There are 2 protein chains.
Amino acid sequence: MVENRLDVTFRALADPTRRGMLASLALGDKSIGELGEPFQMSFAGASKHVKVLESAGLVVRRKAGRRQICSLNAEPLKEAEDWLRQWEKFWSVRLDRLEALVERHSKEKPAV
Amino acid sequence: MVENRLDVTFRALADPTRRGMLASLALGDKSIGELGEPFQMSFAGASKHVKVLESAGLVVRRKAGRRQICSLNAEPLKEAEDWLRQWEKFWSVRLDRLEALVERHSKEKPAV
DNA sequence: AAATCGTTCAACCAAGTGGTTGACAATATC
DNA sequence: GATATTGTCAACCACTTGGTTGAACGATTT
């Protein structure tokens, strides 16, 4: 497969554990253990999730003694949001059409 | 796993073939065959991708004779975009900090 | 030096994904 | 009625994913 950046970003976001970890990081930097603790899950499991986030560029880590401190990097989220905003017109256009339809009906004919 | 709506939406978006199909649908309704045709891929393969999009609520289909006409439903994209916009401050805050840092340096000391 | 803490790694497992092929069903056309 | 068109379904394959356990490893504490 092609594996572009949107692929890995969206795939990283498609898991509630990882979205939870991001939310946790939004409140401040955390170690791997702290990140995994709210989800009852082995240490190694949490470590894997963090690795997914890291390889998606959503998390950067630095060593602090024997701990690994993770912090959030929101830039890929921005890219994903940019891509999604492309579609904005498709949900507003739909609403516009609906409004137009409703208005037409209220003025002309009672039912189809 | 928990399988909430964001999960399935993001997972549906995490594949370039499916994002391509959505882009194709943005230009107008299409049959399964028309959707699959740009990606050299078996009919059944395309059908599977469409099914993923459909179960994510991104595509709705109606039968027209022997063809299945698909059309775009952007609403789940809106939900995903809403979720991502939550994080907006995290990329703007970064910029703010950077600007503050640059300004401080330009006024006080030449280098660190 | 020994024990403990925070973490990674390798191996494994069950389930899911992306793709194929081949058989089948329904509609349209000759 | 025969044939082509537009799909679906089931079975299969290789690979990935999300999770586990247990061993190991580097840093810290005792």
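Two residues are in contact if their C-beta atoms, placed from the backbone, lie within 7 Å. Helices (H or I, at least four residues) and strands (E, at least two) are DSSP runs, numbered from the N terminus. The model is predicted: local features need pLDDT of at least 70, side-chain atom pairs count only at pLDDT 80 or more, and totals for chains, interfaces and linings use all residues. Residues are numbered from 1 along each chain as its sequence is written, while chains are lettered from A and ligands numbered from 1 in the order in which they are written.

In chain B, B:Arg5, B:Leu6, B:Thr9 and B:Phe10 of H1(B) meet B:Pro76, B:Glu79, B:Ala80 and B:Trp83 of H5(B). By class, this contact has 5 nonpolar, 1 polar and 2 charged residues; Ala, Val, Leu, Ile, Met, Phe, Trp, Tyr, Cys and Pro count as nonpolar, Asp, Glu, Lys and Arg as charged, and the others, Gly among them, as polar. Helix H1 (residues 5–13) and helix H5 (residues 75–85) of chain B pack at about 105 degrees, with their axes 10 Å apart. H1(B) is therefore roughly perpendicular to H5(B), a term for angles of 65 to 115 degrees. Axes are lines fitted to C-alpha atoms, for helices over the stretch in contact, and angles run from 0 to 180 degrees between N-to-C directions.

Chain B also holds an open sheet of 3 strands in the order S1-S3-S2, with antiparallel pairing. Two strands pair if DSSP finds at least two bridges between them. Strand S1 (30–31) and strand S2 (59–64) of chain B are the edge strands, each pairing on one side only. S2(B) and S3(B) run antiparallel and are joined by 6 bridges; B:Arg62 has B:Ile69 in S3(B) as its bridge partner. Helix H2 (residues 16–26) of chain B packs on this sheet, touching S1, S2 and S3 of chain B, and its direction makes about 90 degrees with that of S3(B).

DNA strand D is surrounded by 21 residues, the closest being A:Gly45, A:Gly65, B:Ser31, B:Gly33 and B:Ser47. H4(A) gives the largest share of this surface, 5 residues. DNA strand C likewise has 21 residues around it, and the closest are A:Ser31, A:Gly33, A:Ala44, B:Gly45 and B:Gly65. Here the largest share, 5 residues, comes from H4(B).

Methods:
Near = placed C-beta within 6 Å. Parallel < 35°, antiparallel > 145°, perpendicular 65-115°, else oblique.
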